[in-house]
Amino acid sequence: MEAEGLDDLYPPQEDAINAGVLDGKNLVLASPTASGKTLVAELAMLKHVLENHGKALYLAPLRALASEKFREFRRYESLTKQDGSSVRVGMSTGDYDSTDQWLSRYDIIVSTNEKADSLLRHKAPWMGELSLVVADEVHLLTEHSRGPTLEVVMTRLREINPRIQILALSATVRNAEELGEWLKAGNVTTEWRPVPLREGIYHDGQVQFRDGTSRKVEIQTSTPVLDIALNVLNDGGQALIFTETRRSAVEMGRKAAMVLKPKLSKPEERALDTISKKVLSAGERTRLSEALASEVASGAAFHHAGLAPAHRGIVEDSFRNGRIKILAATPTLAAGVNLPARAVIISSYERYESGLGRYPISVLEYKQFVGRAGRPKYDKYGESLLIARNQDEMDWLMDRYVLSQPERVWSKLGVEKVLRPHVLSTIAAEYARSEEGLFEFFARTFYAHQYGPRMIRGKIGEILRFLAKEEMVVMEGRELVASKFGRRVSELYIDPVSAVLLRDGLFNRAKKLTDFSLLHLIAKTPDMSPRPHPRGGEDEKLSLLASQHSDEFMFEAPDQFEDPLAYEEFMSELKAVQVLLDWIDEASEEQILELRKFEPGDLARLVQGSEWLIYASQELARLFGHRDLAAPLEVLRVRVSKGVRSELVKLVALEGVGRVRARMLYNAGFKSVEDIKQRSLTELMTVPTIGPALAKRIKEQAGGLIHADEWEKAKTAKPSEVQEQTVLTEYRDRQE
Ligand SMILES: Nc1ncnc2c1ncn2[C@@H]1O[C@H](COP(=O)(O)OP(=O)(O)OP(=O)(O)O)[C@@H](O)[C@H]1O
Ligand SMILES: [Mg+2]
């Protein structure tokens with residue numbers, strides 16, 4: 001404690017200890033944002049590792065949160081265990097087709113729910129050694145996309161390791177007790193927060209707080225949200241604004257930049273200028289990164305999922321270190337992170353989803369947003385504000401959000417599509433060997449706890465019939481076992497429906513098998529999600545693309561009039577293909593943004609998902625004996641992963657050589673690895689952005705010998721003048 005610079009435990013932490021969390025008791029700790037739930041987890045993990053020869057797994061819902069926790073937990077590496085060795089902290093979030101055996105040597109392991117699920121499918125042996133699992137943000141069980149995975153992981157971990165201790169950390173929810181019953185855990189629920197958070201509602205120059213007090217806000221602009229933000233700044237704080245859409249985040253950031261600019265001191269301007277330049281030099285330059293750089297130069301920024309990961313990182317860091325004063329973000333920033341926001345301003349409490357229309361966010365979500373304000377590390381108090389347009393709305397918001405309890409958490413496992421991969425993985429990893437065994441397993445889930453085990457039985461039967469028909473599971477005597485195909489599908493972490501599509505596509509073939517064929521095949525799978533939505537007016541271009549490639553489809557295209565829904569899906573498959581084709585033809589991120597209205601962050605996710613699906617196709621092609629596809633799929637996988645044409649595939653394998661450098665090397669006459677091996681360092685350095693150290697690294701990898709005098713000469717040589725250049729000039733604008 002003292003070493004941590006903490007004087008006292010917070011009351012929820014004391015309650016948790018009194019409830020036996022350090023004596024191996026299961027616990028659901030439901031406590032407000034910023035109430036120090038992580039420390040309870042840390043103490044429990046250390047207890048296991050330092051005193052009980054145990055091993056702990058910390059589950060986080062998102063990679064960003066996992067990384068934040070991993071960085072924090074690493075400070076425990078200085079502690080020594082009973083056997084004299086030091087504590088080892090590891091993180092595992094990537095590659096879904098591996099057991100990560102190296103983790104067996106670690107004591108504290110941070111992972112995402114998905115990664116833990118994939119490790120369980122691979123039966124990573126070390127998972128049987130876990131003595132503690134911490135599930136962070138466990139209220140996310142109620143979320144459609146991530147909840148079911150978490151639920152299955154927790155059920156499974158208890159199954160393989162009946163004595164495992166469970167610590168579930170949750171926001172305050174209405175049914176924490178029910179969660180506790182499911183997990184056979186005690187329950188500590190508190191309303192305590194270390195830093196007072198004043199929740200209020202703004203209307204017409206005045207903020208009305210929950211506690212009855214109010215405050216005037218000077219109206220300086222035509223945007224209430226900004227007036228509040230400026231008010232917070234005057235008071236020495238930073239403001240975080242949650243907006244509904246990406247576009248409104250960019251726009252709000254821009255407005256904030258305009259009002260902040262004249263207020264900057266010279267040193268502030270200089271510091272911001274440096275960050276702004278960093279934005280421009282990190283990753284590819286696009287209109288989006290330019291917009292960001294320009295906002296950053298004035299001390300404001302936006303943050304949303306369309307930003308390239310490198311840019312998102314810079315924004316988070318600069319908000320954390322106080323250089324950026326006003327940050328406008330979409331809800332992607334909300335879960336569990338610690339940020340120095342004195343105030344959180346929610347500019348819109350509505351969301352739009354196609355099919356659902358507009359609806360107000362949940363109280364749970366609202367509490368997560370406002371919980372980013374007033375974090376103990378940064379502020380002595382915090383406040384959150386909703387914006388009302390009139391008195392009526394003000395009363396409604398007060399009732400609906402400020403004075404309301406968050407909703408109950410409901411399991412979302414009961415949907416066939418969601419359940420299907422988990423049924424397969426339960427059989428494939430031999431966690432169940434019969435239909436009855438399957439029922440028993442799923443009877444232990446939170447879903448069964450809430451709705452009763454009968455509800456899920458029918459669905460499982462339905463799924464089993466599908467899996468049997470597609471030959472992923474077979475009956476061997478009385479035993480239910482997975483075929484080789486079924487096992488591989490489970491391990492590859494793809495939806496069984498995707499696997500069927502890939503298998504059939506690889507068998508059927510197209511009249512003419514091309515990159516287009518293969519890309520469309522993966523784009524068609526349900527694992528390609530979310531697929532990009534074509535914008536208005538794009539359908540025509542996409543139909544044209546389809547007709548140009550009509551010989552290359554592995555499946556028949558749907559008819560626009562006979563099946564309009566399927567056709568709509570088809571259009572979005574084609575959009576994904578089109579973007580991927582641009583990308584592997586070396587279109588720049590800017591061109592893709594301009595031409596396809598597709599943002600760099602989305603591109604990064606599309607590329608990652610596609611690479612995975614191509615990898616899965618390779619594995620299935622191998623399994624089904626399509627040897628002729630091995631080479632084309634491998635080339636395509638590298639091209640998609642790096643965004644290059646075929647001639648660069650070998651060059652990008654060199655470390656330190658990405659798509660941009662590879663193209664420059666190629667154009668400068670270094671067309672192969674052999675070329676690099678043969679030429680001198682100074683010759684390599686004529687290529688823009690290649691300095692002596694990098695030249696050496698590249699040449700060494702190419703297997704070239706570097707003589708001492710060559711290195712001396714390189715070190716003193718003048719690096720190429722051109723440092724920044726819009727490369728990828730060869731990209732021909734496609735037929736429009
Ligand atoms: N006993 C303590 N004394 C002082 N600071 C503490 C104490 N316990 C935790 N903190 C600090 O409080 C901050 C918030 O803690 P933490 O991130 O664990 O909150 P949380 O309860 O998980 O909130 P959220 O629900 O938003 O994830 C951290 O910066 C942490 O260092
Ligand atoms: Mg937390």
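This is a predicted model: local features need pLDDT of at least 70, side-chain atom pairs count only at pLDDT 80 or more; totals for chains, interfaces and linings use all residues.
Me: Which charges pair up, and how many salt bridges does the count come to?

Reply: The idea is to look for a side-chain nitrogen of Lys or Arg within 4 Å of a carboxyl oxygen of Asp or Glu. By this rule the chain has 57 salt bridges. One of them joins R531 and E569, with N and O 2.8 Å apart. R531 sits in the loop between α20 and α21, while E569 belongs to helix α22, 38 residues away.

Me: Where do R287 and E590 lie?

Reply: For any pair, find the element that holds each partner. R287 is in helix α10 (residues 287-296) and E590 in helix α23 (residues 589-596), so their bridge ties together parts that are 303 residues apart in sequence. The closest N and O atoms of this pair are 3.2 Å apart, and R287 is partly exposed at 40% relative accessibility.

Me: What about R198 and D211: how far apart are their closest N and O atoms?

Reply: Those atoms are 3.7 Å apart, and the two residues form a salt bridge. R198 lies in strand β8, and D211 in the loop between β9 and β10, 13 residues apart. R198 is partly exposed at 29% relative accessible area, whereas D211 is exposed at 53%.

Me: Which residues are joined into one network by salt bridges that share partners?

Reply: Follow the shared partners from one residue to the next. Here D97, R488, E491, E619 and R622 are joined in this way.

Me: Now the whole chain: what radius of gyration does it have, and what would a compact globule have?

Reply: With 736 residues, a compact globule would have a radius near 27 Å, and the chain has 28 Å, so the two agree. The C-alpha trace spans about 80 × 70 × 70 Å along its principal axes, and 56% of the residues count as buried. The chain holds 30 helices and 19 strands. Among contacts with a separation of 6 or more, 71% are between residues 24 or more positions apart.

Key. Residues are numbered from 1 along each chain as its sequence is written. Chains are lettered from A and ligands numbered from 1 in the order in which they are written. Side-chain values use heavy atoms; hydrogens and water are left out. Helices (H or I, at least four residues) and strands (E, at least two) are DSSP runs, numbered from the N terminus. The radius of gyration is taken over C-alpha atoms; the globule rule is 2.2 Å times the number of residues to the power 0.38. Buried means under 20% relative accessible area, exposed over 50%, partly exposed in between (1.4 Å probe, protein chains only). Contact means heavy atoms within 4.5 Å.
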